[in-house]
Structure formats: structure tokens, C-alpha cells
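Q: Please take a close look at one part of this model and the elements that surround it. I am new to this structure, and a plain account would do.
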Amino acid sequence: MIATEPAGAAVSRRPSEQDWDAAVAAVRTGLRPGARVLLVCHVNPDGDALGSMLGFAQGLRQLGVESLQCTFPGPLTVPAPLHMPAMDLLVPESEADPAPDLLVTFDAASEGRLGSLVDRLETAEASVVLDHHASNTGFGKVSLVDPYAAATSVVAAELLRRLGVTLDRGIAECLYIALVTDTGSFKFDLTTPEVHELAARLVATGIGVGEISRRIFDNRPFGAIRLFGEVLGRAELDPAAAGGRGLVIAVATLDDLAKHEQPPYVLEALIDSVRCTAEADVALLLKQVAPAEWAVSMRSKGGADVSLIAVALGGGGHRLAAGFTGRGTAAEVISAVRERLAEQD
Ligand code: 5GP
Ligand code: MN
């Protein structure tokens with residue numbers, strides 16, 4: 001089901017049958033006896049990046065792949081709420097095969113999101129880019145990007161189906177975590193009948209949806225509750241911004257994290273509280289990662305295309321959810337966003 005075309009999209013069409021055939025053929029390179037397969041997802045992986053990668057990995061195992069590594073750039077830490085099956089396949093990037101027979105990337109919209117692992121796009125015999133970001137830059141030999149898919153796991157599940165993989169509980173748990181996180185628990189606009197059909201097939205394997213949901217979403221240290229309260233208490237609303245549709249801004253600093261003794265990942269859920277603001281179409285959250293560096297999350301309810309802002313500022317994402325790395329003071333990063341937002345009026 002195709003809704004409105006993603007505005008400003010680098011990728012605006014769904015994969016064709018030829019694209020699927022090319023992806024299946026490339027993956028078969030990794031099914032040859034003795035072939036070495038490397039799966040990579042984006043830096044600072046979220047549920048969709050990790051879940052689609054680890055779900056796909058289990059599908060390849062079912063097809064007989066023995067030499068299989070999963071990795072992502074940066075420290076090999078996975079936040080507790082995102083622990084899932086097949087994490088034993090994770091290796092640090094330093095141990096990743098330098099020249100695998102097959103490389104598959106997950107949820108990475110640009111080469112930069114693969115960090116130092118980007119060279120495997122050159123050294124791998126075959127490679128497939130699995131993604132769903134409209135801002136995808138079209139990198140990789142075989143690019144399987146569906147900008148209308150609610151999650152990369154939707155694309156991964158279809159590729160597994162075409163490869164003849166039977167969904168089992170382990171695969172299903174990973175793909176479900178990916179799907180439930182990227183759809184905001186089946187609430188976002190790309191939650192199509194196909195998404196619910198996939199969810200039904202995943203749930204039918206016997207996974208515990210209540211337990212998964214509690215673990216991922218309803219599971220926050222008390223310190224994080226107080227940290228959220230403090231950051232939200234300082235949030236600012238500008239009803240005149242975004243063409244009069246409103247902008248809400250929140251800033252979480254390293255001092256906030258230190259004061260409440262919280263790791264940075266707890267802030268991933270904070271944008272969901274900020275974006276609830278009824279008086280604002282656009283929500284902006286700055287999460288400090290170094291004195292002059294900010295992980296920036298943006299959300300829109302439809303009046304603005306935040307992926308255009310993110311791409312212009314060196315990041316990426318979707319029309320209604322996007323992000324980038326901001327540099328300078330918080331005020332400078334906020335002004336840069338405001339300027340780009342004003343251009344959309
Ligand atoms: P979040 O705000 O939840 O971190 O990310 C929202 C969306 O924007 C996700 O689709 C994510 O992949 C994308 N995104 C967030 N930060 C960046 C970034 O620094 N670079 C790129 N290319 N995409 C980002
Ligand atoms: Mn995703």
C-alpha cells in the first residue's frame with residue numbers, strides 16, 4: 001500500500017522484481033560451502049538495525065551458513081532492553097572478516113553509518129544493502145531499499161521468504177523487536193496491513209509479545225525517570241515556529257546523565273515524550289555525546305519533512321523521524337535546525 005511519496009527522497013520507489021532477484025543471487029554467494037558471511041548494521045544500533053541483522057543471521061544459519069559474523073562500528077555494547085537471540089554471533093569490528101564472500105548491511109542509510117567497516121563494500125565478493133530510509137544514498141553493489149517499508153526488518157523478512165527460510169522463534173523474536181521498535185508499537189504511519197500480516201506470522205511462532213514489550217519499552221531505571229523529568233522540565237515551546245505549527249525543544253546534557261548516573265542509551269526513549277506535545281508539529285531533542293557534539297533527534301507530525309533538515313545537516317532518516325550529529329553549542333545546533341525549518345515554510 002503506497003501512501004504519499006516520501007518528500008525529498010533519494011529513493012522514491014520500491015524494489016523491483018529484478019532488485020529482489022539480484023539480492024537473492026548475491027546472498028546465494030554466501031550459501032556456497034565454506035563461504036564466509038559478514039553482516040553489518042549501523043553505528044549505535046537501534047532495535048531495527050540489530051533485530052533485522054540478527055534475525056537474518058539466523059535465517060542464513062538455517063540455510064547452512066557456518067562462517068557467519070555480525071558486527072557494527074563502535075564499542076560492542078548492546079543496551080539491556082535490546083538483548084535478543086543470536087547475540088553470540090556478534091564480534092567486535094576489529095575481528096570482522098576483512099574480505100568476506102558476502103556482506104549484507106542493515107538499516108544503514110549512508111556509508112558513513114558503517115564507520116570503518118565501509119571498506120567491506122569494496123573487499124566483499126558480493127554485497128547487499130538492506131534498508132528502508134528514503135534518504136538512502138544508493139551505495140552498495142546491490143541495493144534493496146524500500147522507502148515504504150516500516151522497518152528494515154520488513155525487507156529482511158521478505159528476502160528470507162524468497163530464500164526459502166522458515167520463520168522460527170529465534171528469527172521471529174529478532175524481527176519482531178525490529179518491527180515493534182521502528183513502528184512505535186504499530187502506531188506510525190507506515191504501519192500497513194502488510195506490517196500486521198508480518199507481525200501475525202512472527203507472533204504465530206510463539207514469541208512472548210507482552211514480555212518483549214515490557215523489556216523494551218516499559219523498563220526504565222528510576223534514575224532515568226528522574227532524568228526525563230528534569231530534561232522535560234526545561235523543554236521549550238515555540239508556537240510560532242514551523243510555519244505556526246509549533247516547535248518543542250529539549251536538551252539533555254552529559255551533566256544530566258552524570259547527575260542521575262545514567263548511561264546515554266536511556267535517552268533514546270526521551271524523544272517519544274517530547275513529541276507528544278500537542279502544540280508542536282516538530283519535536284527536537286539534543287542529546288550531548290561530547291562537550292561540543294550532540295546526537296540530534298527530530299520528529300514531525302506531518303507539517304514538516306525532518307529528513308530534509310537532517311540530510312542538510314549531515315544526517316538522514318525519514319520524513320517524520322530523522323537525526324544527525326550536531327556540532328558546537330546547543331544554541332548553535334538549535335539555530336541550524338530552526339533555519340532549515342524556516343526554509344520549509
Ligand atoms: P532517532 O532520532 O530515533 O535516533 O533516529 C530517527 C531516524 O533518523 C532513524 O531512522 C535513524 O536511522 C535516523 N538517524 C538518526 N541519527 C542519524 C544520523 O546521525 N545519521 C543518519 N544518516 N541518520 C540518522
Ligand atoms: Mn529502521
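Leaving aside its neighbours within four places in sequence, which residues is Gly30 in contact with?

A: Once neighbours within four places in sequence are set aside, Gly30 touches Ala35, Val37, Val65 and Leu102. Contact here means heavy atoms within 4.5 Å. This is a predicted model, in which local features need pLDDT of at least 70 and side-chain atom pairs count only at pLDDT 80 or more, while totals for chains, interfaces and linings use all residues. Residues are numbered from 1 along each chain as its sequence is written, chains are lettered from A and ligands numbered from 1 in the order in which they are written, and side-chain values use heavy atoms, with hydrogens and water left out.

Gly30 sits in the loop that joins helix 1 to strand 1 (36-41). Helices (H or I, at least four residues) and strands (E, at least two) are DSSP runs numbered from the N terminus. With a relative accessibility of 2%, Gly30 counts as buried. Buried means under 20% relative accessible area, exposed means over 50%, and partly exposed lies in between, for a 1.4 Å probe and protein chains only. Val274 is 244 residues from Gly30 along the chain, and the C-alpha atoms of the two are separated by 43 Å.

The helix before this loop leads on to a set of helix contacts. Helix 1 (residues 17-29) packs with helix 4 at an angle of about 70°, the axes being 10 Å apart. That angle makes helix 1 roughly perpendicular to helix 4. Axes are lines fitted to C-alpha atoms, for helices over the stretch in contact, and angles run from 0 to 180 degrees between N-to-C directions. Angles under 35 degrees count as roughly parallel, over 145 as roughly antiparallel, 65 to 115 as roughly perpendicular, and the rest as oblique. Helix 1 and helix 4 cross in a right-handed way. A crossing is right-handed if the near helix is turned clockwise from the far one by less than a right angle, and left-handed if anticlockwise. Helix 1 brings Glu17, Trp20, Ala23, Val24, Val27 and Arg28 to this contact, and helix 4 brings Val155, Glu158, Leu159 and Arg162. By class, the contact of helix 1 with helix 4 has 6 nonpolar, no polar and 4 charged residues. Ala, Val, Leu, Ile, Met, Phe, Trp, Tyr, Cys and Pro count as nonpolar, Asp, Glu, Lys and Arg as charged, and the others, Gly among them, as polar.

Helix 4 in turn meets helix 5. Thr152, Ser153, Val155, Ala156, Ala157, Leu159 and Leu160 are the buried residues of helix 4. The axes of helix 4 (residues 152-162) and helix 5 are 9 Å apart, and the two pack at about 150°. This makes helix 4 roughly antiparallel to helix 5. On the helix 4 side the contact uses Ser153, Val154, Ala156, Ala157 and Leu160, and on the helix 5 side Ile171, Leu175, Ala178 and Leu179. These residues of the contact of helix 4 with helix 5 divide into 8 nonpolar, 1 polar and no charged. After helix 4 comes Gly164, with a positive phi near 85°.

Helix 5 also packs with helix 2. The axes of helix 2 (residues 47-62) and helix 5 (residues 169-182) come within 7 Å and cross at roughly 160°. Helix 2 is therefore roughly antiparallel to helix 5. The crossing of helix 2 with helix 5 is left-handed. Among the residues that meet there are Gly47, Gly51 and Leu54 in helix 2 and Gly170, Cys174 and Ile177 in helix 5. The contact of helix 2 with helix 5 divides into 6 nonpolar, 9 polar and 2 charged residues.

Ile212, Arg215 and Ile216 are buried in helix 7 (residues 209-216). They cover an arc of only 90° around the axis, which puts them on the same side of helix 7. The arc is that of the directions from the helix axis to the C-beta atoms. Helix 5 is included in what covers these buried residues.

Most residues other than glycine have a negative phi. Ser185 has a phi near 60°, a positive value, and is found in the loop between helix 5 and helix 6 (193-203). Ser185 is partly exposed, with a relative accessible area of 31%. Ala86 has a positive phi of about 70° and lies in the loop between strand 2 (67-71) and strand 3 (102-106). At 11% relative accessibility, Ala86 counts as buried.
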